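Look at the structure first, then read the points below.

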Amino acid sequence: MQRPEFIRSRLPENIEGRALAWYVAGIVVLLALLAWGLGKLAPPPPPKRVVMTTGAEDGAYHLYAKRYRELLAKHDVELVLQPSSGAAHNLERLRGGEGDVDVGLVQGGLISGDDGKRLETLGSVFYEPIWVFYRGDTTVERISELRGKRVAVGIPGSGTHALGLPVARDNGLTEPPTELVEVGGLAAAEALIEGRLDAALYVSAVDGAAVQKLLRAGGIRLMDARRADAYVRRLPYLHKLDLPEGVVDLQAGIPPQRMTMIALTANLIARPDIHPLAVELLLQAASEVHGGPSLLHAARVFPAPMDVELPLSTDADRFYKERPSLLRRVLPFWIAVWAERLLFIMLPLLAVAIPAFAYLPKLYDWRIRSKLDGWYVEVNRIERAALAAGVDLRAQLARMNDIEARLNRLKVPQSYLSQLYTLRLHADYVRRLLVARGGSTNG
């Protein structure tokens with residue numbers, strides 16, 4: 001006998017485990033998609049290599065960069081150093097992506113044009129005073145008094161050269177008989193000591209090799225920046241500092257009196273695509289290298305978001321506000337990073353999986369009961385037909401016989417057997433009702 005279409009399409013003969021399997025499969029697919037999405041959003045794995053443009057190999061920039069390299073090596077990250085002619089050269093490399101550089105040290109006052117759209121700052125890491133050394137016994141109070149002298153203004157590409165030429169021009173030093181000599185670093189210091197130069201301008205950290213040499217050299221004097229307040233008021237990237245008497249060398253009395261200095265800040269400038277963890281590692285290294293007290297400032301001044309010329313990196317801003325996480329403070333760097341990635345992915349997955357699987361028994365119960373209720377609906381429909389007038393009782397009895405046959409083959413979980421047997425009793429009652437109403441028992 002052919003089964004009625006309703007029964008064939010909607011009432012299965014085996015519902016044991018089917019609802020559970022589909023539901024679990026749905027949860028697994030959802031969790032897999034969620035894990036994939038979280039993996040895309042999670043912080044990227046730590047970098048293995050970062051490229052930094054530094055400065056002249058005898059300068060402070062390169063000296064500090066080597067210390068950064070040692071600290072990053074402790075976290076198995078290679079900091080590749082690319083020496084340059086100075087801050088201006090570093091900035092050009094960063095602008096054009098030359099040598100695949102990620103980050104570099106750049107002094108304040110060099111930013112211009114569209115740099116804010118393609119570069120960002122990680123913060124300032126130390127002061128770079130403007131040093132003007134000169135020979136002779138006569139006190140020089142203004143740069144304009146160096147007219148007619150031989151003045152070193154740094155090598156092209158250096159921050160000293162980028163600042164020295166405008167300063168010389170503003171003070172009337174670009175016309176003869178003044179001679180501007182493009183030499184810098186230790187070479188300029190030695191030329192000044194030997195008398196081949198009359199003055200030398202530097203933009204350098206206080207512990208730069210050339211600065212330290214000239215501070216201790218006999219016959220060489222340091223100019224006091226009497227107009228510091230005016231310069232700072234006119235140029236917001238400048239800072240006024242005091243160099244106390246004897247702070248460089250108490251025994252030798254260097255400097256011999258309190259000196260007023262004008263200073264720029266040396267800033268870590270990066271390309272926007274620098275790895276977020278590279279930003280954190282560089283700033284941690286900067287904290288260790290520059291965070292202590294120096295001759296120019298107290299402890300914990302640097303690194304700091306002092307740079308006003310470029311937008312602050314989002315990752316650097318997070319570093320200044322939050323500092324390293326608890327995991328970073330108690331676990332080795334790589335373990336902490338991967339633990340954070342795992343937590344970033346696992347916590348949302350657990351937030352979805354736990355309630356989903358906790359709801360599984362209820363949904364499973366609802367699914368099986370809904371299937372059994374489907375049989376009840378069909379049995380009830382036949383019962384109503386048996387009590388109605390003008391119904392083909394033989395056809396209804398055939399449908400009922402088919403339902404009973406299928407119920408006898410139906411498999412359900414053991415906990416639902418009592419409901420199945422109750423359904424069979426109700427089906428048998430309806431079949432007997434049809435027989436009593438006059439239907440044939442032959443089916």
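## Spaces and aromatic pairs

The structure holds 1 cavity of 30 Å³ or more. A cavity is a set of points on a 1 Å grid over the protein atoms alone, where a 1.4 Å probe fits but cannot get out. This is a predicted model: local features need pLDDT of at least 70, side-chain atom pairs count only at pLDDT 80 or more, and totals for chains, interfaces and linings use all residues. Residues are numbered from 1 along each chain as its sequence is written, and side-chain values use heavy atoms, with hydrogens and water left out.

**The largest cavity**

- Its volume is about 60 Å³, taken as the space filled by probe spheres set on the points, with grid points joined across faces, edges and corners.
- Lining residues have an atom within 4 Å of a point; among those of the largest cavity are Val132, Ile143, Gly164, Val167 and Leu201.
- The lining divides into 9 nonpolar, 1 polar and no charged residues. Nonpolar covers Ala, Val, Leu, Ile, Met, Phe, Trp, Tyr, Cys and Pro; charged covers Asp, Glu, Lys and Arg; the others, Gly among them, are polar.
- H6 gives the most to this lining, with 3 residues.

**The largest pocket**

- The largest pocket contains about 710 Å³ of space. A pocket is an open set with protein on both sides within 12 Å along at least five of seven lines.
- Of its 31 lining residues, Ile143, Val167, Asn171, Tyr231 and Leu235 are the closest to its centre.
- Strand S4 (120–135), helix H6 (159–170), helix H9 (228–234) and strand S10 (259–270) each supply at least two lining residues. Helices (H or I, at least four residues) and strands (E, at least two) are DSSP runs, numbered from the N terminus.
- H6 gives the most here, with 5 residues.
- The lining of the largest pocket has 18 nonpolar, 6 polar and 7 charged residues.

**Aromatic pairs**

- The whole structure has 6 aromatic pairs. Rings of Phe, Tyr and Trp (its six-membered ring) pair if their centres lie within 6.5 Å; planes under 30 degrees apart are stacked, over 60 edge-to-face, the rest tilted.
- Tyr64 and Phe126 form a tilted pair, 4.7 Å centre to centre with 55° between the planes.
- Tyr64 lies in helix H3 (residues 60–73) and Phe126 in strand S4, so the pair ties together parts 62 residues apart in sequence.
- Phe126 is buried, with a relative accessible area of 4%; buried means under 20%, exposed over 50%, partly exposed in between (1.4 Å probe, protein chains only).
- Tyr61, Tyr64 and Phe126 form one aromatic cluster.
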